[in-house]
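Good morning, colleagues. Please look at the chain on the screen while I describe its folded parts, its aromatic rings and one loop in particular.

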Amino acid sequence: MPVPRPRVPLRLPYVVCAALLLLLAGCGAGPLAGMDGSGATTKAAGASGVPGPPGAAAGAPARSGAAVPPAPAPAPPREIPGLGPQTRAQIPAGAHQAFVVTGQSPDSNRSTAVLYTRDDPAVGWRAALAPWPAHNALNGWTAEHWEGDLRSPVGVFTLTAAGGRLEPPDTAFPYDLSPDFKVEGEGFHGEPLEGSFDYVIAIDYNRVPGTSPLDHTRPLGDERGGGIWIHVDHGGPTQGCVSVTEDRMKELLGVLDPAKEPVIVMGDAASLSR
C-alpha cells in the first residue's frame, strides 16, 4: 500500500507576491487603507476628515429615500362673484360688508341683492345672507345719474345713516326717527307708495355722509339728483332708489355695522363685471 505524501502549503512565487502588494498599495501610495504609518488600524474618513462613510460629505443629511413635496401655496382670497377688477378696486380696503345689488340688464328695473362680509382678509368675501329680489329705477341704470332720468346710479357708495317713520329694529346705525318719512301716492304701476319709507338706509351718492337721509345737501349740485336710498319695496320700480321687502329691510338694518364700514355695490351685471 503506497504511503501518502505529506501536504505542504502552496507557496506562490516571489514575483507574484510582490505584484499583489503593488496592486494593493497603488501607484505611489502610502500605507494601505485601514493602516496608519505605524501599522495601526484607522476609521475611514469623509472629505472633511470627519469619520463617516467613504466619500460622504460632512454634515450631509441622511437620505430617506422619498422626496419631500413642497408646501402647497395658500389659496387666494375669495372675491365677490360677478365683480370685475374696476368695480373691486372701488371697494375701500377697510370695508368688511358689501351689499351687492345686481340688475338684470342696463334697462331693467329688477335686481338681485346679496350681503357679503369679509371677516378675514386672507380668506376673502363670503355671502352672509341668501339672495333677495329687489327693485331699482324704472329705466334701469346709469354711470352718470341726473335728476329726473329715472335711472339708478352705478357705483360703489358708502352706507353711513338710516332713518324711517317707524321705530327702528335693533340696529347699530344712526337712525333718524321722523314723521317726515311719510309718503303717499302711487307708483309707476299704480301700486300704493304708503309705507315705502318706514325704514330707509341712505346711499351716499351726492350727499354728506353720516347726516340724516332727509338732509338735502347736494355736493355735486341739485341737477345730479339725490335722495337715493335703500327702502321698503312697494311692488314696483323706483325713481332711483333700491327697494327690498320690509322684513328684509329690518334684517339688513340689524346686520349692517358702521364699524365694518359697509358699502353698497350697485349696477347692472355688465357694468359691475368690468
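I shall begin with the basis of the model and then turn to individual residues.

This is a predicted model, in which local features need a pLDDT of at least 70 and side-chain atom pairs count only at pLDDT 80 or more, while totals for chains, interfaces and linings use all residues. Residues are numbered from 1 along each chain as its sequence is written, and side-chain values use heavy atoms, with hydrogens and water left out.

First, confidence. The pLDDT, the predictor's confidence in each residue from 0 to 100, averages 83 over the chain, and 76% of the residues score at least 70. Over residues 1-60, however, the pLDDT is below 50, and this stretch has 25 contacts in the model beyond near neighbours in sequence. A contact here means heavy atoms within 4.5 Å. Where pLDDT is low, the predicted coordinates should not be read in detail.

Next, the chain as a whole. It contains four helices and twelve strands; these are DSSP runs numbered from the N terminus, with helices (H or I) of at least four residues and strands (E) of at least two. Of the 274 residues, 35% are buried. I use buried for under 20% relative accessible area, exposed for over 50%, and partly exposed for what lies in between, with a 1.4 Å probe and protein chains only. The chain exposes about 16200 Å², of which carbon and sulfur atoms supply 59%; these areas come from the Shrake-Rupley method with a 1.4 Å probe, and for residues only the protein chains shown count as cover. Among contacts between residues at least 6 apart in sequence, 60% join residues at least 24 apart.

Let us turn to the aromatic rings. Rings of Phe, Tyr and Trp (its six-membered ring) pair if their centres lie within 6.5 Å; planes under 30 degrees apart count as stacked, over 60 as edge-to-face, and the rest as tilted. By this rule there are four aromatic pairs. One of them joins Phe-157 and Tyr-205 edge-to-face, at 5.9 Å centre to centre with 85° between the planes. Phe-157 belongs to strand E7 (residues 155-164) and Tyr-205 to the loop between strand E9 (200-203) and strand E10 (229-232), so this pair ties together parts that are 48 residues apart in sequence. Both Phe-157 and Tyr-205 are buried.

Another edge-to-face pair consists of Phe-197 and Trp-229, at 5.0 Å centre to centre and 75° between the planes. Here too distant parts of the chain are linked: Phe-197 is in the loop between strand E8 (175-177) and E9, Trp-229 is in strand E10, and the two are 32 residues apart. Trp-229 is buried, with a relative accessible area of 10%. Ring pairs also bring in Phe-181, giving a cluster of Phe-181, Phe-197 and Trp-229.

Asn-206 has a positive phi of about 50° although it is not a glycine, and it is buried at 6% relative accessible area. The C-alpha atoms of Thr-217 and Arg-207 are separated by 5.9 Å, although the residues are ten apart along the chain.

Gly-210 is also found in the loop between E9 and E10 and is partly exposed, at 46%. Not counting residues up to four places away in sequence, Gly-210 touches Thr-160 and Ala-161. Glu-223 lies in that loop between E9 and E10 as well, and its contacts, neighbours within four places aside, are with Trp-146 and Glu-147. The C-alpha atoms of Glu-223 and Glu-147, 76 residues apart along the chain, are separated by 5.3 Å. Trp-146 also has Arg-224 over its face, at 4.7 Å from the ring centre; the rule requires NZ of Lys or CZ of Arg within 6 Å of the ring centre and within 35 degrees of the ring normal.

Finally, a helix. In H3 (residues 246-255), Met-249, Leu-252 and Leu-253 are buried. Seen down the axis of H3, the buried residues fall within an arc of 100°, so they line one face of the helix; the arc is that of the directions from the helix axis to the C-beta atoms.
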